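Here is a short walk through one protein model, written for someone opening it for the first time. Keep the structure in view and follow along.

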Amino acid sequence: MRVLALSSGTSVDAIDVALAELDDADGVVRMRMVAHTERSWPAPLRGRILAALPPAATDLGEVCRLDTEIGQAFAAVGARAIEEWGAVDLVVSHGQTVHHWVEHGTPDGGGDAGDRAGSARGTLQLGSPAWIAARTGRPVIHDLRTADIAAGGQGAPLVSLLDALWLGDRPTAALNIGGIANITLVGDGPVRAGDTGPGNCLLDAAIAAATGYPFDPEGSLAAAGRVDPVALSVLLAEPYYARPLPKSTGRETFDAGYVAATLAAAGVAVPAGNDLFATLTELTVRTVAEAIVRDAPGTERVVVSGGGVRNATLLAGLRSRLSGVVTSDALGLAAEAKEAHMFALLGYLSARGLPGTVPGVDGRRATGARSAVVLGSLTPPAPAPCPTGRVPVHTLVLEEG
Ligand SMILES: Nc1ncnc2c1ncn2[C@@H]1O[C@H](COP(=O)(O)OP(=O)(O)OP(=O)(O)O)[C@@H](O)[C@H]1O
Ligand SMILES: [Mg+2]
C-alpha cells in the first residue's frame with residue numbers, strides 16, 4: 001500500500017510530507033521509505049496559527065477559518081506530492097495540533113481517574129480532512145490521537161510503536177527534539193514513553209521575539225551566551241519534569257509567555273541577550289538527559305531525531321551528559337523525516353485495522369492507555385457491509401418504531 005503522510009509539529013515550522021510503501025505478513029511489517037520533503041507554510045497562515053495559540057484568547061471564528069485553511073494547505077501539499085511521486089492508496093494527515101488538554105491538578109486531587117494531574121483529556125488538531133480527500137481523491141485517515149486518549153492514554157507521543165519495533169533489540173532511548181521533546185525507552189523491560197518537556201519551542205519563541213528569526217541557527221547564538229544558573233534552577237523546578245512516564249505536554253504549558261512569567265513569579269530577571277538562549281538550550285539538555293538517566297539508567301545508545309539535531313549546541317550538551325548519542329540518520333531513518341514516516345506507518349496499521357500502540361507497564365499501553373486501539377478516523381467513511389449493495393437512494397420511507 002502506498003501511503004502519503006502529512007504532518008506539522010508543535011514548531012509549526014513546515015508541512016512534512018512523506019511517501020512510504022508498506023505491506024505486512026505474519027506480523028512483519030515492511031516500510032519502504034520512498035520520499036520525504038518539507039513544504040513551507042503559506043507565510044500569513046503560519047503567522048495566524050502562531051497568533052492563535054496560547055496565551056492568545058480563543059476566537060472560534062478564527063479556529064474555524066484555520067481548520068479550513070490548514071486543511072487546504074495540507075491538500076495542496078498532498079496533491080503536489082502525488083503529482084511528483086505518483087499515485088497513492090491512502091493519505092494520513094496528522095493536522096496541526098493547536099491544543100493538547102492535560103489536567104494540572106494535584107496527583108491525588110480527587111474526582112474520577114480522568115481528572116488526576118497529568119491525565120490527557122483531549123487533543124485538537126486542525127486541518128479538515130475533507131479538503132484533503134476532495135483535492136487528492138484518496139481516503140484520509142486523520143485525528144490519530146483521540147482514540148488513545150479515550151482509552152485512557154496520553155495520545156502523545158505516538159512514536160513508541162515505531163521505536164519499539166525499530167530499536168527494541170538493545171537498551172535504547174529514542175529521542176525526538178521537535179517543539180516538544182519526547183523519549184521512548186526500549187530494549188530493557190517494558191516500553192515507556194513520554195514528552196520530557198520543551199525541545200525547541202521556548203528557544204524558538206525567545207529567538208523570534210529578539211531577532212525575528214524562527215530559530216537559533218545551528219545553536220550559534222546559544223553558543224555565544226552563558227547559562228544563567230539562577231534562572232535555570234527556577235525553570236528546572238517546573239513540576240512537570242518530575243512526573244513519571246507516560247506523560248505528555250504541549251505549547252499550552254510551554255507557551256511564548258512561559259519563561260518571562262515563571263521567572264517573574266520567582267523574582268528572577270530574564271537573562272539578557274545570548275545568555276537567555278544558552279539558558280533555554282541548557283534547559284532542554286538537562287530535562288532530556290535527567291529523564292533518560294532517571295528512567296533508563298541502563299541505556300546504551302540515544303538515537304536522536306527531529307529538527308533539534310541541527311542545533312549543534314543542543315547536541316553537544318546532550319553528548320556531555322549522555323553516552324552513545326547518535327542521530328537517527330546513522331541508523332537509516334533521516335532525523336527530519338522520522339515523524340512523517342511514523343504517521344505513514346500508523347496510518348497503514350489503522351487502515352489494516354491494527355492498533356497503533358505497543359504494550360507498556362502494568363498491563364497498559366506505552367501511551368498509558370488501558371487497551372490497544374486502532375488510531376484515527378477515516379474520511380470518507382468506509383462503507384458498512386450491506387446485503388442490498390450500494391445503489392444511490394432516492395426515496396425515504398419513515399416508519400414509527
Ligand atoms: N539549522 C537549524 N539550526 C537550529 N535549529 C534548527 C535548525 N533547523 C531546524 N531547527 C529546529 O528544529 C525545529 C523544527 O523541528 P521539527 O520539525 O522536528 O519540530 P516539530 O515540527 O515541532 O515537531 P514535533 O511534532 O516533534 O514537535 C525548528 O523549529 C528549530 O527549532
Ligand atoms: Mg516540523
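Helices H10 and H11 cross in a right-handed way. Bear in mind as you look that this is a predicted model. Packed helices like these are described by the angle between their axes and the distance between the axes. Here, the axes of H10 (residues 274-295) and H11 (residues 312-321) come within 9 Å and cross at roughly 35°.

Which residues make the contact? On the H10 side they are Thr281, Glu282, Thr284, Val285, Arg286, Val288 and Ala289, and on the H11 side Thr313, Leu314, Gly317, Leu318 and Arg321. Sorted by type, the residues of this contact are 5 nonpolar, 4 polar and 3 charged.

## Rings that pair up

Next, the aromatic side chains. The count comes to 6 aromatic pairs, and two of them are set out below.

| Pair | Centre to centre | Angle between planes | Kind |
|---|---|---|---|
| Tyr213 and Phe215 | 5.4 Å | 65° | edge-to-face |
| Tyr241 and Phe254 | 6.1 Å | 15° | stacked |

Why does the pair of Tyr241 and Phe254 count as stacked? Its planes are at 15°, and planes under 30 degrees apart count as stacked.

Tyr241 and Phe254 both sit in the loop between helix H8 (229-236) and helix H9 (258-265), 13 residues apart. They also belong to an aromatic cluster, made up of Tyr240, Tyr241, Phe254 and Tyr258.

## A stretch marked in UniProt

Now jump back towards the start of the chain. An unreviewed UniProt entry places the feature "binding site" at Gly9, Thr10, Ser11, Val12, Asp13, Ala14, Ile15 and Asp16.

Asp13 lies in the loop between strand S1 (2-8) and strand S2 (15-25). With 44% relative accessibility, Asp13 counts as partly exposed. If you skip residues up to four places away in sequence, Asp13 touches Trp41 and Arg46.

Asp16 is found in strand S2. This aspartate is buried, with a relative accessible area of 10%. Again skipping residues up to four places away in sequence, Asp16 touches Ala5, Leu6, Ser7, His36, Thr37, Glu38, Glu336 and Ala340.

Leu126 is found in strand S5 (residues 120-126). Why is Leu126 called buried? Its relative accessible area is 4%, and buried means under 20%. Leaving aside neighbours within four places in sequence, Leu126 is in contact with Val63, Leu66, Asp67, Ile70, Gly95, Gln96 and Val98. For a sense of scale, Leu126 and Pro392 are 266 residues apart in sequence and 32 Å apart in space, C-alpha to C-alpha.

The other stop is Asn182, which lies in strand S8 (residues 180-186). Asn182 is buried, with a relative accessible area of 5%. What does Asn182 touch, leaving aside its neighbours within four places in sequence? Its contacts are Pro157, Val159, Ala174, Leu175, Asn176, Gly194, Asp195 and Thr196.

How values were computed: Residues numbered from 1 in each chain as written. Chains lettered and ligands numbered in written order. Predicted model: local features only at pLDDT ≥ 70, side-chain atom pairs only at ≥ 80, totals over all residues. Heavy atoms only, no water. UniProt positions renumbered as here; feature names shortened; annotations may be inferred. Helix = DSSP H or I, 4+ residues; strand = E, 2+ residues; numbered from the N terminus. Buried < 20%, exposed > 50% of the residue type's maximum accessible area, 1.4 Å probe, protein only. Contact = heavy atoms within 4.5 Å. Axes fitted to C-alpha atoms, helices over the stretch in contact; angles between N-to-C directions. Left-handed = near helix turned anticlockwise from the far one by under 90°. Nonpolar A, V, L, I, M, F, W, Y, C, P; charged D, E, K, R; others polar. Phe/Tyr/Trp six-rings, centres within 6.5 Å; stacked < 30°, edge-to-face > 60°.
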